[in-house]
Amino acid sequence: MRDTSQGKMNIEIAIVYFINDGILAGKSPATLEGYKYSLQYLHQFIKLQFLPQELSSITREVLSQYFIEGVKVKSWSKQNHWTQYKNLSVFFNWSVKKQLITTNPLSDIPKPKLPPRIPKALSEQEAIELLRVVSNMPGKYRFTKLRNKAIISCLLFTGLRKSELLNLKTTDVDLHNGFIFVEKGKGGKRREIPIEETTLKIILQDYADYKNKLGKISIWFFNGTFGTKGKNAGKLSESGFALLFRSIRFVYKKGIHAHKLRHTFATLMLDKDCDLFTLQQLMGHSQISTTTIYLNSTRKKKIEAIKKMTISLNE
């Protein structure tokens, strides 16, 4: 029987229990990997300090030393410092809830502040150029060319996250009624996004029609290798998705990634006078404060505001 009294549980065992609870709670693999990395990094630090391998060893003083070493010796970036703090805070709050410790040892350590970041987005002209580049990229198979064009168009016209796009099922894309349904977005939220009719609907329809013509039957809308078996048979993998963006960067000659296209969608929507509440719903943000960061990045609105400064020197 392991000693699970307050503070006595082995750190490594506690980490395993914490990650398992995260799996049961439906946390994404990427989130859990982030937690695991931060906790293992801290655990290694404690080992090097020759401290007992129990939760009670992780005191405020130990954590202060850990963060000071990270910032001063390891030269952590502000983003890394903030991420480490956030991940460890989630773990310690869980430990308190499970009564493994009495208090969160981070509670008296100042939370690092991140400078406000303005999301980088493509201009409308750059987005058009990107679509042209993807449309004309060389490829051996017509299916792959149509799929790649559909993927980039979908990201630009819907603001989907990478994981949401990869997990789209064929039944989630209703081309007849013009909606894409995100069944499990970030935080498990469900939302629906209208399909833009002039460009996106045509591109998605071309891809879907050609896929059906080839007889490529899969529950997944965006397909990769059909030789795979099991529940992910035919699903476009993360590695296949990454390969697509590497190919685009090689031809496009500019830095491009899926999240930048999400930022582009949000910025262009605001430029087209979309209200903030509607954009929040389309983006799947839990808090509208998250959506407001895009107010700082819409250049067109700033230019229009300055143009309204009609002070005349001739009057």
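In this predicted model, helix α8 is followed by Gly 215, a residue whose phi is positive, near 75 degrees. The helix that ends there covers residues 200-214.

Leu 200, Ile 203, Leu 204, Tyr 207, Ala 208, Tyr 210 and Lys 211 are buried. Viewed down the helix axis, these buried residues fall within an arc of 165 degrees and therefore line one face of α8. On the face turned away from the buried side, α8 carries the exposed residues Asn 212 and Lys 213.

What do the buried residues of α8 pack against? Their partners are helix α6 (142-158) and the strands β1 (173-174) and β2 (179-182). For the pairing of the two helices, the axes of α6 and α8 come within 9 Å and cross at roughly 150 degrees, and the crossing is left-handed. Residues of α6 that make the contact include Phe 143, Leu 146, Ala 150, Cys 154 and Phe 157, while α8 contributes, among them, Leu 200, Ile 203, Leu 204, Tyr 207 and Leu 214. Charged residues also take part, including Arg 142, Arg 147 and Lys 149 of α6 and Asp 206 and Lys 211 of α8. Taken together, the residues of this contact divide into 11 nonpolar, 2 polar and 5 charged.

Technical notes
Residues numbered from 1 in each chain as written. Predicted model: local features only at pLDDT ≥ 70, side-chain atom pairs only at ≥ 80, totals over all residues. Heavy atoms only, no water. Helix = DSSP H or I, 4+ residues; strand = E, 2+ residues; numbered from the N terminus. Expected span 1.5 Å × (residues − 1). Buried < 20%, exposed > 50% of the residue type's maximum accessible area, 1.4 Å probe, protein only. Arc of directions from axis to C-beta. Contact = heavy atoms within 4.5 Å. Axes fitted to C-alpha atoms, helices over the stretch in contact; angles between N-to-C directions. Left-handed = near helix turned anticlockwise from the far one by under 90°.
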